[in-house]
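Trainee: Could you show me how to read helix packing and burial in a protein model?

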Amino acid sequence: MVAVELPYNCSMETVISTAAPMPRKFFRKYLPSHESVRNNRHIARFGGFLRHPNLWHLNRHSVAGGVAVGMFSGLVPGPLQMLAAALLAVPLRVNLPVALATTLYTNPFTIGPLYLLAYLIGRLIIGGDGAPLSPPPEMEWSRLGASLDAFLGWVLSMGAPLAFGLLALALILAALGYACVQIGWRAYVIRAWRQRRHLRSKHAS
């Protein structure tokens, strides 16, 4: 393990919390604005609960928590992913825009493969053969209503293996998302701090 030398009377946590403009700039660029989040018809019902500052602050812990909540909520069946993300983000005091934006990893192109993976995980958990595995129905945008009905029927046909698999996969993705943000944010800050220390050393010499 490489040791990192910190300035006198300065902790690594202080460096990580104060020296990371780039991660914050990156997230601000792609996140929805506070106003658009508060005006969302699902989110507006939370009212005064949205005043807590942790729901909007961009730091390593709030962003990692928001990603974890979004990854978990993205696998909620039906069009309720963002509502589920808000229901978890508000009491957990993690970044709400990050949680909402992260749910978008599930979309008409990814939902089928993700549900197939969840079904396979569920079969491993509960054992047995379960329902026969079949590919998801194709989405026809000209017949969206019929396509959604076909997809719902496909989901229901997989029964208990899918239900257990979705929960397990959601927890796995949430843990991976949290860990990736924590590690990536910390690695960036350490790298940036080392670069500044190197520049200071060059100027001093």
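Mentor: We will look at one helix, its partner, and a loop residue beside them. This is a predicted model, in which local features need pLDDT of at least 70 and side-chain atom pairs count only at pLDDT 80 or more, while totals for chains, interfaces and linings use all residues. Residues are numbered from 1 along each chain as its sequence is written, and side-chain values use heavy atoms, with hydrogens and water left out.

Trainee: How many residues of α4 are buried?

Mentor: Buried means under 20% relative accessible area, exposed over 50%, and partly exposed in between, with a 1.4 Å probe and protein chains only. Helices are DSSP runs of H or I with at least four residues, numbered from the N terminus. In α4, 12 of the 14 residues are buried, including Arg-60, Val-67 and Ser-73.

Trainee: At what angle do α4 and α5 pack?

Mentor: Axes are lines fitted to C-alpha atoms over the stretch in contact, and angles run from 0 to 180 degrees between N-to-C directions. Helix α4 (residues 60–73) and helix α5 (residues 81–92) pack at about 145°, with axes 9 Å apart. Contact means heavy atoms within 4.5 Å, and on the α4 side Val-69, Phe-72 and Ser-73 meet residues of α5, among them Gln-81 and Leu-88.

Trainee: Is Thr-103 buried or exposed?

Mentor: Thr-103 lies in the loop between α6 (96–102) and α7 (111–126), and it counts as buried because its relative accessibility is 3%. Leaving out residues up to four places away in sequence, Thr-103 touches Gly-70, Ser-73, Gly-74, Gln-81, Met-82 and Ala-85.

Definitions and conventions:
Helix = DSSP H or I, 4+ residues; strand = E, 2+ residues; numbered from the N terminus.
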